[in-house]
Amino acid sequence: MTQLVTASGHERAVAALQRSYEAIPPGTPVRLAKRTSNLFRFREPSAAPGLDVSGINGVLSVDPEGRTADVQGMTTYEDLVAATLPHGLMPMVVPQLKTITLGGAVTGLGIESSSFRAGLPHESVIEMDVLTGDGRIVTATRDGEHSDLFHGFPNSYGTLGYAVRLRIELAPVKPYVRLRHLPFDDAVKCAEALKEISESKEYDGEPVDFVDGTVFAPTDLYITIGTFAETAPYTSDYTGQAIYYRSIQQRSVDFLTIHDYLWRWDTDWFWCSGAFGVQHPLVRKLWPDQAKRSDVYRRLVALDKRWQTSARLDRWRGRPPREDVIQDIEVPVERLPEFLEFFHQEVGMSPVWLCPLAARETWPLYPLEPGRSYVNVGFWGTVPLPPGRIPEHHNRLIERKVTQLNGHKSLYSTAFYSHEEFWRHYDGETYRRLKSAYDPGGRLLDLYEKCVRGR
């Protein structure tokens, strides 16, 4: 079981964090000094000192009876799950990748296959301590003095402050998850089934605990339903030679331990490990199992971006330049077929991930309609850039289509909105009010400057 951080240890860590913040010279952009990242907005390295968050990366307590946990902001979900599963509990929503931090998922949004019933990670936060832009530590709750910050913190991406401690709700689990992979040959039928399952929270007369989907082609779509089980006739292992996403087309029923279910996508970074040859049987056998994980692949991508290795090879081979299309978007479930038709025609990338969700309440900087069924569509890769097109051609097409379909786009990756468009989508009026209250001196970057202009 994960060793817990003591109250005195947490106090020392918070004091050290504040000293580190005060030591950053005024006018210098504040960046987190941490080893891993799940963002895809690559920036040039900075010589300025970063904010040392190394002391706030542990679990403080787990309350099995109250089904809550107190967690430091930079704790990874890998460590958080390791602390809660021995108690038969899990966070309400566990994002797919092990090194996503709790604070990162709350300020930057996160999602997974329990989101159709539990919403997004920030919706299970009870209270949080935040280091604000003006250097204070404030406790934000739904109804307290800083309720404006509590509701405005999601999708603020560290531009209002950083979560230092969070108290979150936990959900009970069983040892195993039974999976059923349901095939569809039509996006309309698939969307209708996603809506029905998400809203009824059952399928074929049985309760449903998890739902997501995978699109391999316009006529090859799957919904995967997960249901908790006390026992299992067998369990599959997708941490070595076998590859989880391929099993979706090969099996109609499967069983995983709850631990392996939560991390089923991390081993191959969904399907993106193929870019490094890790899905080739020989390479996979030689590639250490402990290195089959998302943070390893993310570091390789960062190195490639820094040295432009892939781009140089493409030029040497006479291939057209490629555009990164790495995005997650949400559209109302009834508009999903229209988005997929557009995506197949204009982008042509597969596979694509689907994850239904319903927000539990209103969050101003990411205004989804509470109770309405949406589907997250995730796509991560590169596509050839047509001759004569601007470098961000496909990404701009996607942004316009998502707006047309009354959807929203996550900001962990590149964005190309104009200043006016951006603040129309992400509630500029509320953001400016929060910025003046919690970062009046502008120590932290503005959300538009950070997420669109890439500062």
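Select Val211 to begin: at 0% relative accessibility this residue counts as buried, where buried means under 20% relative accessible area, exposed over 50% and partly exposed in between (1.4 Å probe, protein chains only). The model is predicted, so local features need pLDDT of at least 70 and side-chain atom pairs count only at pLDDT 80 or more, while totals for chains, interfaces and linings use all residues. Residues are numbered from 1 along each chain as its sequence is written, and side-chain values use heavy atoms, with hydrogens and water left out.

Val211 is found in strand 12 (residues 210-217). Helices (H or I, at least four residues) and strands (E, at least two) are DSSP runs, numbered from the N terminus. Show the surroundings of Val211, leaving aside neighbours within four places in sequence: the contacts are Ser113, Phe116, Leu194, Ile197, Ile223, Thr224, Cys355 and Pro356. Contact means heavy atoms within 4.5 Å. For a distance, pick the C-alpha atoms of Val211 and Ser124; they are 18 Å apart in space, and the two residues are 87 apart in sequence.

Move to Tyr261, in helix 8 (residues 258-262). Tyr261 is buried, with a relative accessible area of 1%. Beyond four places in sequence, Tyr261 is in contact with Ser113, Val177, Leu179, Phe210 and Leu256. Gln96 is 165 residues away along the chain, and its C-alpha is separated from that of Tyr261 by 9.7 Å.

Next, select Ile258. Not counting residues up to four places away in sequence, Ile258 touches Leu85, Met90, Val173, Lys174, Pro175, Tyr176, Val177, Phe210 and Phe228.

Which residues touch the most other members of the largest nonpolar core? They are Met90, Met128, Ile258 and Phe422, in a core of 91 residues. The largest share of this core, five residues, comes from strand 8 (residues 161-172). A second, separate core of 36 residues includes Val208, Met349, Val352 and Leu397. A nonpolar core is a set of buried Ala, Val, Leu, Ile, Met, Phe, Trp, Tyr and Cys residues joined through side-chain atoms within 4.5 Å. In soluble globular proteins, nonpolar side chains tend to be buried together.

Now select Glu127, in strand 6 (residues 125-132). At 17% relative accessibility, Glu127 counts as buried. Its side chain makes a polar contact with the side chain of Arg165 at 2.6 Å. A polar contact is a pair of N or O atoms within 3.5 Å; within protein, one must be able to donate a hydrogen and the other to accept it, and residues adjacent in sequence count only if both atoms are side-chain atoms. With neighbours within four places in sequence set aside, the contacts of Glu127 are Thr139, Ala140, Thr141, Phe150, Arg165, Leu166 and Arg167.

How many cavities of 30 Å³ or more does a search of the whole structure find? It finds three. On a 1 Å grid over the protein atoms alone, a cavity is a set of points where a 1.4 Å probe fits but cannot get out, and a pocket is an open set with protein on both sides within 12 Å along at least five of seven lines; lining residues have an atom within 4 Å of a point. Grid points are joined across faces, edges and corners, and a volume is the space filled by probe spheres set on the points.

The largest cavity holds about 50 Å³. To display its lining, select Leu109, Leu120, His122, Glu123, Ala359, Trp363, Tyr366 and Leu368. This lining divides into six nonpolar residues, one polar and one charged. Ala, Val, Leu, Ile, Met, Phe, Trp, Tyr, Cys and Pro count as nonpolar, Asp, Glu, Lys and Arg as charged, and the others, Gly among them, as polar.

The second largest pocket has about 340 Å³ of space. Of its 16 lining residues, Arg35, Thr36, Asn57, Met74 and Thr76 lie nearest its centre. Helix 2 (77-84) and helix 10 (294-307) are the elements that give two or more residues to this lining. By class, the lining has two nonpolar, seven polar and seven charged residues.

Stay with helix 10 and select Arg298. Arg298 is buried, with a relative accessible area of 11%. Ser37 is 261 residues from Arg298 in sequence, and their C-alpha atoms are 7.7 Å apart.

Finish with the backbone. Ser350 and Pro351 are joined by a cis peptide bond, with omega about 0 degrees. Pro351 lies in the loop between helix 12 (336-346) and strand 16 (352-357). Asn155 has phi near 75 degrees, a positive value in a residue other than glycine; at 0% relative accessibility, Asn155 counts as buried.
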